[in-house]
Amino acid sequence: QIHKKAKLQITNNRYHMTSKNIYFYTHFAPEVRDHLESGAFRALCQHLRDRSGSVHNIDLMIVGGFGRNCLAKWLVKAARQLSCQMVDSDAKGAALLDAFGHSQATREVYGSDFFKWKKKYPENTTLEQVQRYQEALPIQAVHKEDTMLKTGMTVAMTEEFDSKFKMKVEAGAFRSLLDHLSDRSDVVQNIDLMTTAGFCRNCLAKWLVIEARKLSTIIKGVCEGTFTDEEKQLVTDLDAFSYDEAARYVYRMDYDQWKEAHQKKVTEKKMALLKASTPIHAKHDKELLQTKSEKGPPSFDAPPDEPEQETKSFGLPVSPSSTMSPRSLPQSKLPIRSNVCCEDLDSMSLPQMDQSAIVGTFYKSPPPPRVNLSLKVGILTISDRAANGEYETGDLSGPAVEESLRSNLNKINTMRNELDDTKASVSFCVKAIVPDDIEAIKSHLQQWCGLKEGGPVCDIVFTTGGTGFSSRDVTPEATLDIIEKEAPGLMSFVTSQCASTQPLAPLSRGTAGICDKTIVVNLPGNPAGVGQILDLLVPLLLYAVKDVKGM
């Protein structure tokens with residue numbers, strides 16, 4: 001079953017470029033390509049290890065959509081893909097690959113146990129970084145939903161794994177990184193990567209070239225001048241492998257083409273930041289980057305090209321020329337964030353802008369609190385007609401509250417970083433319908449807030465309805481009668497945000513406050529308005545509940 005699931009995902013391991021003129025394919029056998037990509041991946045990991053104190057994962061995620069943990073997860077994914085390919089021919093090898101887990105992969109990337117690394121190099125995240133991280137969610141890599149990362153258990157690296165599979169796994173992770181960057185050509189700019197992490201796509205190309213020179217030197221040393229024709233040709237091809245050819249492979253097109261299609265105009269501020277970041281920039285041996293021989297004829301057939309398909313925009317502005325990129329996957333095949341971190345955003349890629357999406361463009365939710373919250377919720381529908389059963393469809397606003405609350409909690413939980421195993425959930429939900437009568441409303445609120453014996457005590461009580469200007473709209477008055485502390489900031493915030501899309505939002509008189517250990521919030525009776533408001537309130541209410549509980 002593990003391999004059946006994984007085989008469904010192996011489609012990511014494809015070529016997405018015009019490959020017949022790519023030197024990397026026409027002059028190198030697959031095992032040589034693996035060697036060069038594996039070496040380039042190790043060079044990148046070493047580069048990041050050497051800058052552990054100055055290159056932070058959150059900043060990498062902000063500008064590039066990936067971090068060191070993503071590199072580790074791409075290693076695991078490559079191992080699972082390779083296992084799928086050989087499960088029938090080498091069951092023992094497949095088992096070794098399936099046993100390669102994320103903990104081992106992080107040691108390969110970080111050079112040490114991840115938690116020891118984190119303790120040695122703590123990242124003191126600022127509010128600005130958190131906000132920028134939230135804004136960068138559309139370009140970030142996605143791993144949490146990838147079943148291929150969850151099939152094995154972590155074991156110590158064995159000599160057999162090192163000798164048989166490590167190079168292929170590292171090469172697969174390197175290709176995943178190239179695919180990730182190629183999919184984000186419009187939004188991940190080289191200058192931002194260089195400023196933040198000290199490397200960019202050009203560095204990846206240079207590391208490939210340097211690995212080619214190293215391999216050539218090894219072959220020359222082993223053969224000691226007595227080459228077979230095949231070995232001689234390989235040395236010639238390795239020495240002729242130029243930076244331009246490597247860049248064509250990394251960028252999936254000529255570098256000049258890529259710049260014309262995707263590179264944005266650089267501001268003076270960005271140039272100043274780039275200059276200030278010089279100490280962390282990767283250094284490359286210029287002598288090794290020089291070609292040592294002339295190109296020979298192609299020795300291998302290039303893999304078949306994949307048909308060009310619609311370019312993704314990741315919900316961000318795309319330049320008119322961006323369709324020049326040969327690496328383009330249909331929206332239904334590729335999550336907005338990538339193929340392997342937290343949530344598959346396909347379901348959030350809405351073809352039409354709804355009200356909650358518009359609100360999201362004005363306000364960025366805070367990150368969820370790192371505590372486990374099991375919420376006891378009360379939902380009180382306040383409506384004469386609903387209480388009298390006059391609606392053919394029954395009460396719609398109460399169910400809308402529950403659905404929106406659960407949806408928001410699910411979304412918030414998937415946005416937690418991979419080291420945060422806490423979550424918020426609803427342990428029970430009590431519901432009732434009462435008429436627009438102040439005493440009936442107060443009676444239910446008092447019972448659910450623990451002021452009367454015999455009823456459930458809730459963490460949050462949502463009322464819906466009765467917040468307008470009619471003579472029967474008395475929900476705010478009933479609420480103010482029973483709460484001990486009012487929280488005017490919550491509802492004024494909601495009104496200011498919703499007024500940009502709903503001109504009548506200021507006509508809601510809803511209030512919020514604390515009654516003993518319970519938070520009471522008034523919502524409008526319109527089901528559509530309920531969802532829009534809870535999109536804004538739920539992230540804040542988690543902090544409010546945490547504080548009330550003293551957690």
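1. Phe66 is buried, with a relative accessible area of 0%; buried here means under 20% relative accessible area, exposed means over 50%, and partly exposed lies in between, for a 1.4 Å probe and protein chains only. Trp74 also counts as buried, at 0% relative accessibility. The model is a predicted one, in which local features need pLDDT of at least 70 and side-chain atom pairs count only at pLDDT 80 or more, while totals for chains, interfaces and linings use all residues. Residues are numbered from 1 along each chain as its sequence is written, and side-chain values use heavy atoms, with hydrogens and water left out.

2. Phe66 is one of the residues with the most contacts inside the largest nonpolar core, which has 84 residues. Such a core is a set of buried Ala, Val, Leu, Ile, Met, Phe, Trp, Tyr and Cys residues joined through side-chain atoms within 4.5 Å. Helices (H or I, at least four residues) and strands (E, at least two) are DSSP runs, numbered from the N terminus. Apart from this core lies another, of 34 residues, which includes Val426, Val494, Leu523 and Val530.

3. Which residues does Leu71 contact, leaving aside its neighbours within four places in sequence? They are Phe41, Leu44, Leu48, Phe66, Val109, Ala173 and Leu177. Contact here means heavy atoms within 4.5 Å.

4. The model has 18 aromatic pairs. Rings of Phe, Tyr and Trp (its six-membered ring) pair if their centres lie within 6.5 Å; planes under 30 degrees apart count as stacked, over 60 as edge-to-face and the rest as tilted. Phe28 and Phe241 form an edge-to-face pair, at 5.3 Å centre to centre and with 85° between the planes. This pair links distant parts of the chain, 213 residues apart: Phe28 is in the loop between α2 (23-26) and α3 (30-50), and Phe241 is in the loop between α14 (229-240) and α15 (243-251). Phe28 is buried, with a relative accessible area of 0%, and Phe241 is buried at 0% as well. Why is the pair of Phe66 and Trp74 called tilted? Their ring centres are 6.3 Å apart and their planes stand at 40°, so the pair is tilted.

5. One aromatic cluster is formed by Tyr23, Phe24, Tyr25, Phe28, Phe241 and Tyr249. Tyr249 also has Arg252 over its face, at 5.5 Å from the ring centre. The charged end of Lys206 sits over the ring of Tyr243, 5.7 Å from its centre. A charge sits over a ring if NZ of Lys or CZ of Arg is within 6 Å of the ring centre and within 35 degrees of the ring normal.

6. An open sheet is formed by 6 strands in the order β2-β1-β3-β6-β5-β4, with mixed pairing. Two strands pair if DSSP finds at least two bridges between them. Strands of a sheet pair through backbone hydrogen bonds, either parallel or antiparallel. The edge strands, β2 (424-434) and β4 (485-486), each pair on one side only.

7. Strand β3 (residues 460-464) is joined to β6 (residues 518-523) by 5 bridges, and the two run parallel. In β6, Phe462 has Val521 as its bridge partner, and Val461 stands opposite Val520. Strands β1 and β3 also run parallel and are joined by 5 bridges; the partner of Leu380 in β3 is Thr463. Because 5 of the 5 residues of β3 are buried, this strand is largely enclosed by the rest of the structure. Both of its faces are covered, with Ile460, Phe462 and Thr464 on one side and Val461 and Thr463 on the other.

8. Helix α23 (residues 475-482) packs on the sheet and touches β1 (373-382), β3, β4, β5 (512-515) and β6. The direction of α23 makes about 165° with that of β6; axes are lines fitted to C-alpha atoms, for helices over the stretch in contact, and angles run from 0 to 180 degrees between N-to-C directions.

9. Ser404 is found in helix α21 (residues 397-414) and counts as buried at 9% relative accessibility. Not counting residues up to four places away in sequence, Ser404 touches Val530, Gly531, Leu534 and Asp535.
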